[in-house]
Amino acid sequence: MLAFALLPARCSWGWIDSGHKVVALIAWEDLTPKTRAAVTQILKGHPLYQKDLQDNLPEGTKPEDAARYAFAYAATWPDKVRGQNHPMHAAYNHPQWHYIDIPFDDGVETPPQKDQGEGPHNAVEALTQCSAELKNPQAAADKRAIDLCWVIHLVGDIHQPLHTVSLYSKQYPKGDQGGNAELVLRDPPYPDSMANLHLVWDSLPGDYKSEFIDQYIAQGVHSDPQFSRAKMKSLLGTTDFMAWAKESNALAVEDAYLNGHLDTAVAPKGRSGAAPDKIPGLPPGYMAKAELVAMHQVGLAGYRLADMLNEMFGK
């Protein structure tokens, strides 16, 4: 966690692998048979289907389970390609696609936005582009497979509250980069629990190595009445991507930043920077509430992803 805290540039991974897989597995449960067949066939067009989407698949796995496995791993592919040694890194690593900085102005004026050139510039624009390309049956098979990976991933990213915000305050006049510039003790008073705020939220759905546990968490969220489709009926009527981002932004302001009252320390710049002498701990009850918010968001993301794909392929 310390290594992440000291990175000089914004490091926005979205939910870590388990969180993205849980979103995909919840969606998989709600895909129609026709949609499952369509997305399974599209993913097989991925240039690295066996290496990246079937990696470590147990021998003898049934075809339907292998298809679900590939769909879950597709959710993590846009993070996998971030590695500089990945053969597709140069062409398909898009760091700016993973988030959208909707400002939270806490007593200071937000600096003017710079011209970023040709887009997509953020998660909303990227999701819009990739979903439009995915709908085109005439597009190249490898392109559609990569677009599908991005769509699955970005729906998850937009529902991570700290992927939709940057706090501007007297302490963070240039923005906190979605919590990446803020240090806290996740488990006060223990100093070895230091982490940047963004990583705290990325990790909330869990960090598991077992595919069984990812599936177990997904089934638990999917079957829990408090995270059910019925409970989220009004939210599921909203299909606009920017509206999704604004919902997450409101959660960030209220539950991540505590409406500007969360006490944090400024992360040092550069890998060699010294950590602050005093790092505040998260207040009592903070993590318990954050965990519920995270499970709500992965459930909502999974349902919305399923609805999107069923609309594209299930009719």
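Predicted model: local features only at pLDDT ≥ 70, side-chain atom pairs only at ≥ 80, totals over all residues.
Strand E3, residues 182–185, is joined to E4 by three bridges, and the two run antiparallel. Within this pairing, Val184 stands opposite Ala195 in E4.

Attention may now turn to helix H13, which comprises the 16 residues 241–256. At 1.5 Å a residue the helix should span 22 Å, and because its end C-alpha atoms are 21 Å apart, the model agrees with that expectation. At the start of H13, the backbone nitrogen of Met242 has a side-chain oxygen of Asp240 within 3.2 Å. Just after the helix, Leu258 adopts a positive phi of about 50 degrees. The buried residues of H13 include Phe241, Trp244, Ala245, Val253 and Ala256. Among the elements that cover the buried residues of H13 are strand E1 (103–106), helix H8 (123–134), helix H9 (141–158) and helix H14 (286–313).

The largest contains 87 residues, of which Leu43, Phe71, Trp201, Tyr286, Leu305 and Leu309 touch the most other members. Helix H14 supplies the largest share of this core, 15 residues. A second, separate core of six residues includes Leu183, Leu185, Met194 and Ala267. Returning to Leu43, its contacts include Tyr49, Leu53, Phe71, Leu148 and Cys149, with residues up to four places away in sequence not counted.

Note on methods. Residues numbered from 1 in each chain as written. Heavy atoms only, no water. Helix = DSSP H or I, 4+ residues; strand = E, 2+ residues; numbered from the N terminus. Expected span 1.5 Å × (residues − 1). Buried < 20%, exposed > 50% of the residue type's maximum accessible area, 1.4 Å probe, protein only. Contact = heavy atoms within 4.5 Å. Polar contact = N/O pair within 3.5 Å; in protein donor to acceptor, adjacent residues only side chain to side chain. Pairing = 2+ DSSP bridges. Core = buried A, V, L, I, M, F, W, Y, C linked by side-chain atoms within 4.5 Å.
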